[in-house]
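Visitor: Could you take me in for a close look at a single part of this model, and then show me what lies around it? I'd like the cut-offs spelled out as you go.

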Number of protein chains: 2
Amino acid sequence: MQNQPFTFQLPKDANPPSVWDNHITRRLSSMKGQYLDQAAYEAMLAQDDTLLYEVYEIQRPHVVGEFLQGVSIVHPGKVGDEYFMTKGHYHEVLETGEVYYCLKGQGMMVMETPEGDWCVQEFRPGEVLYVLPRWAHRSVNTSRDEDLVFFFAYPGNAGHNYGTIERQGFRKLVIEQNGQPAIVDNPRWKQG
Amino acid sequence: MQNQPFTFQLPKDANPPSVWDNHITRRLSSMKGQYLDQAAYEAMLAQDDTLLYEVYEIQRPHVVGEFLQGVSIVHPGKVGDEYFMTKGHYHEVLETGEVYYCLKGQGMMVMETPEGDWCVQEFRPGEVLYVLPRWAHRSVNTSRDEDLVFFFAYPGNAGHNYGTIERQGFRKLVIEQNGQPAIVDNPRWKQG
């Protein structure tokens, strides 16, 4: 781990940043129960445990005042009509925000709060997206054939709570309708 | 202030980001005692209270877990041989870092700790610079004729301590030598 301030280059394409410590890969099998069309999910998984997204993380201490940074790459594709997406999570320390900066592709960030507010923001290269404290967040690649690539930074102490979203899902889904991304209610959403 | 997650476009040139709340301008008169060549400083100030840099801030609550974000523009120029630069500061809450992303121009970040470590990092478009917790930081525009433009994000509770740097300066200066930026000792630096 660096003990001096440091710089790194962000990728223009779906490459790693010039500094990274961990490379996380998430495949279809890690998204059990998350996609609306469960039959399409099972059929796809029977063919291949497709790589959905990758994260390059830069290590820092997991404490207040530090930033955890990295680059995520969400690959293009769909499960049924639903676009490839990240697992999505709340921060374990709920009152912590996150800064995203889109580098490539086109996507949407699906967000909601424990109180029932929701918000879906389009996300294009050159844009910063600020996820306020308390908002669960999931990124979705709405492109047909291009990677969605973005930089992220969040507080060192934030932690990840994946469980709540695994149990209840997000209130909104992003699916392809008539060749366009559409935001629809998630009929399987349930408080839990 | 936004009560939902929001996006904003970062400028490609020395323009404001697409969302901002405060516009801060810093002129030569606010840098009294900071430049090495005090005679050059006084002569320049007698001519004009030149605009050195500008900051566009996005407001958020000043609390742990939030991010304060914005865009800074350091104009090109010199006082004597010393490049235009920001005031520079420690965070009031010393154990807080800061993330920078360079959008345009060329510059250096001059940094040091209360313990006497120092570090000067070059800073180019497309690069992230991570200022670790405990490091005072000042940005310097080393270009002859181009603005230095960068995005920043720091913890909502960090605060600014300008006083320590105003009293003691930074251990290192960035000056022009033979037409090139050079990092030199600050003969006026003093513990205080």
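Guide: Let's start at Gly179(A), which sits in the loop between strand S15 (172-177) and strand S16 (180-185) of chain A. Helices (H or I, at least four residues) and strands (E, at least two) are DSSP runs, numbered from the N terminus. A bit of bookkeeping: this is a predicted model, where local features need pLDDT of at least 70 and side-chain atom pairs count only at pLDDT 80 or more, while totals for chains, interfaces and linings use all residues. Residues are numbered from 1 along each chain as its sequence is written, chains are lettered from A and ligands numbered from 1 in the order in which they are written, and side-chain values use heavy atoms, with hydrogens and water left out.

At 32% relative accessibility, Gly179(A) is partly exposed; buried means under 20% relative accessible area, exposed over 50%, and partly exposed in between (1.4 Å probe, protein chains only).

Now for some charges. Glu95(A) makes a salt bridge with Arg134(A), with the closest N and O atoms 2.4 Å apart; the term means a side-chain nitrogen of Lys or Arg within 4 Å of a carboxyl oxygen of Asp or Glu. That pair links distant parts of the chain, 39 residues apart: Glu95(A) is in the loop between strand S7 (90-91) and strand S8 (98-104), and Arg134(A) in the loop between strand S11 (127-131) and strand S12 (136-141), both of chain A. Glu95(A) is partly exposed at 41%, and Arg134(A) is partly exposed at 26%.

Over in chain B, Arg134(B) bridges to Glu115(B), closest N and O atoms 2.5 Å apart. Arg134(B) is in the loop between strand S11 (127-131) and strand S12 (136-141) of chain B and Glu115(B) in the loop between strand S9 (107-112) and strand S10 (118-123) of chain B, so this pair ties together parts 19 residues apart in sequence. Another pair is Glu122(B) with Arg124(B), at 2.6 Å between the closest N and O atoms. Over all chains the count comes to 24.

Glu54(A), in strand S3 (residues 51-58) of chain A, is buried yet has no salt bridge, and the nearest side chain of opposite charge, Arg27(A), is 8.0 Å away. For such charges, Lys and Arg count as positive and Asp and Glu as negative, with His and the chain ends not counted. What Glu54(A) does have is a side-chain polar contact of 2.7 Å with His75(A). That means N or O atoms within 3.5 Å; within protein, one must be able to donate a hydrogen and the other to accept it, and residues adjacent in sequence count only if both atoms are side-chain atoms.

Turning to the nonpolar side, the largest nonpolar core has 109 residues, and those with the most contacts inside it include Tyr101(A) and Tyr101(B). Such a core is a set of buried Ala, Val, Leu, Ile, Met, Phe, Trp, Tyr and Cys residues joined through side-chain atoms within 4.5 Å. Leaving aside neighbours within four places in sequence, Tyr101(A) is in contact (heavy atoms within 4.5 Å) with residues including Phe151(A), Leu10(B) and Tyr101(B).

Finally, the two chains: B can be laid on A with an RMSD of 0.0 Å by a turn of 180 degrees and a shift of 0.0 Å along the axis. The copies are thus related as by a two-fold rotation axis; the superposition is least squares on the C-alpha atoms of residues with pLDDT of at least 70 in both.
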